[in-house]
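Dear colleague,

I am passing a structure on to you, and my notes on it follow below. Please read them with the structure open beside you.

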Protein chains: 2
Amino acid sequence: MRSTAPTFSPLYRQIKDFLIASLERGEWGPGDAIPSEGELAQRFNVSQGTVRKAIDEMAAENMLVRRQGKGTFVSTHSDPRSFYRFLRLLPDDGVAVPSVSKPFFCEKIPASPEVARELGLRLGDPVIHVKRLLSFAGQTVVFDQLYLVGDLFNELTLEALRAGERSLYSLFESDFGVRMISAEERLRAVAADAESAGHLGVDVGAPLLLVERTAYTYGNKPVEWRRGLYCTAHHYYRNDLG
Amino acid sequence: MRSTAPTFSPLYRQIKDFLIASLERGEWGPGDAIPSEGELAQRFNVSQGTVRKAIDEMAAENMLVRRQGKGTFVSTHSDPRSFYRFLRLLPDDGVAVPSVSKPFFCEKIPASPEVARELGLRLGDPVIHVKRLLSFAGQTVVFDQLYLVGDLFNELTLEALRAGERSLYSLFESDFGVRMISAEERLRAVAADAESAGHLGVDVGAPLLLVERTAYTYGNKPVEWRRGLYCTAHHYYRNDLG
DNA sequence: GAGTGGTCTAGACCACATG
DNA sequence: ATGTGGTCTAGACCACTCT
């Protein structure tokens with residue numbers, strides 16, 4: 001790891017970058033343990049403290065999860081305690097409830113100007129358009145429209161989406177090897193149009209929370225753009241300003 | 001340090017707690033430099049690395065700001081680069097613009113059930129009720145109603161609120177010694193009522209973004225509850241899911 | 001040059017999980 | 001008993017800022 005050439009990034013950051021690249025290559029799958037700090041230190045010829053600092057940063061960014069006595073593990077969307085953190089909607093009483101996803105539309109289309117811009121594609125590049133509803137306790141609360149980079153989700157079908165009880169991101173991770181690491185959301189209040197009103201069981205013109213999300217995988221590469229309409233009559237979007 | 005159970009907290013955490021208590025006591029004011037890592041290490045009879053870890057955590061929580069070569073400083077809401085991070089509203093083009101706050105109402109009232117619950121007060125305890133408008137580029141975009149713990153903001157008047165160009169939190173910090181450290185927000189889409197519609201220049205029933213915020217000072221003590229109505233016709237609420 | 005935070009090392013010991 | 005992450009030390013040197 002020590003390089004003779006003049007380099008401007010500290011050792012622990014080079015190690016972090018190497019580990020991220022390894023994750024990207026799929027060297028260790030979601031839920032797997034990565035090598036111990038001691039072993040990595042030997043492998044890179046650095047002290048354990050240096051490896052530790054690299055892993056600390058990655059854990060802070062939710063790419064890895066440390067568990068004392070057991071090891072360090074690759075985060076996974078299947079594990080609620082580590083990677084189930086993108087849905088911020090809670091019922092009024094604040095008590096989280098399992099959600100049920102009901103996809104009902106899936107089609108490959110050419111990217112519109114808006115979608116192309118948000119996903120960093122060229123106009124007309126293939127994207128997968130998905131529509132789904134989300135329910136809490138039997139009540140439909142969210143109408144989502146997803147646009148996925150076509151090259152990465154080539155064989156995605158409605159049947160595949162409907163299989164299993166997993167979250168979408170968990171499915172993307174296990175079936176397509178695409179892991180969502182971070183996302184940026186833009187929120188607005190809008191009036192319900194006819195389609196949304198029908199899906200959510202509200203009147204046309206009723207206020208809905210519009211949530212537009214761009215989701216990124218390793219290297220801040222955008223892979224999903226999503227437009228969700230949330231009915232906030234009995235639920236709210238929670239945000240912690242840390 | 002703890003008494004409920006024989007659970008021991010690590011050294012660096014005890015040091016962190018001590019530093020937080022010092023900040024709470026006002027030992028170092030906002031913007032001041034705290035003692036250097038070396039000096040603190042001597043003072044506590046620990047190694048510099050242990051002090052460092054305590055400060056690292058506090059910097060990650062935005063209580064302190066490190067500046068290489070200069071020192072470590074107490075965060076302040078007056079400094080845009082460190083503590084001006086609670087307003088998440090941006091114009092559609094994404095380019096931040098300075099905001100102008102126009103308070104127009106300030107009155108001491110007894111806490112309603114809702115306010116008492118959110119602020120951890122008893123029903124009827126004194127709170128300060130403030131109303132203000134926020135503008136971007138001459139356009140009124142936010143109608144805020146604040147409820148402040150009365151004991152901490154005893155002499156707050158409309159004149160004081162109007163003095164200066166500072167943000168409210170900057171004023172609270174310098175004039176009342178109350179520093180907002182973290183906050184929790186709950187967002188909903190609602191229809192504009194008559195008062196809000198008038199202030200924001202929209203029709204009654206137009207969709208508005210309702211943002212309810214509880215803000216906390218040191219020790220997670222709630223000191224402000226706020227209900228804001230955002231007109232999101234040309235602005236959006238930005239949220240990063242890290 | 002003096003003082004600060006930032007990186008890195010080598011080694012010790014503690015706390016937790018598992019066989 | 002062994003292996004893992006978590007804490008702590010003492011000291012070295014680097015990078016940045018100011019005088």
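Copies of a chain are superposed here by least squares on the C-alpha atoms of residues with pLDDT of at least 70 in both. The model is predicted, so local features need pLDDT of at least 70 and side-chain atom pairs count only at pLDDT 80 or more, while totals for chains, interfaces and linings use all residues. Residues are numbered from 1 along each chain as its sequence is written, chains are lettered from A in the order in which they are written, and side-chain values use heavy atoms, with hydrogens and water left out.

A rotation of 180 degrees, with 0.0 Å of shift along its axis, superposes chain A on chain B with an RMSD of 0.1 Å. That is the relation of a two-fold axis. Because 100% of the interface residues of chain A are also interface residues in chain B, the copies meet through the same surface.

The largest nonpolar core has 60 residues, of which Leu156(A), Phe172(A), Leu156(B) and Phe172(B) touch the most other members. Such a core is a set of buried Ala, Val, Leu, Ile, Met, Phe, Trp, Tyr and Cys residues joined through side-chain atoms within 4.5 Å, where buried means under 20% relative accessible area (1.4 Å probe, protein chains only). A second, separate core of 20 residues includes Leu40(A) and Val46(A).

In chain B, an open sheet of 3 strands has the order β1-β3-β2 with antiparallel pairing, two strands being paired if DSSP finds at least two bridges between them. Strands are DSSP runs (E, at least two residues), numbered from the N terminus. Val65(B) stands opposite Phe73(B) in β3(B).

Best regards

Technical notes:
Buried means under 20% relative accessible area, exposed over 50%, partly exposed in between (1.4 Å probe, protein chains only). Contact means heavy atoms within 4.5 Å. Helices (H or I, at least four residues) and strands (E, at least two) are DSSP runs, numbered from the N terminus.
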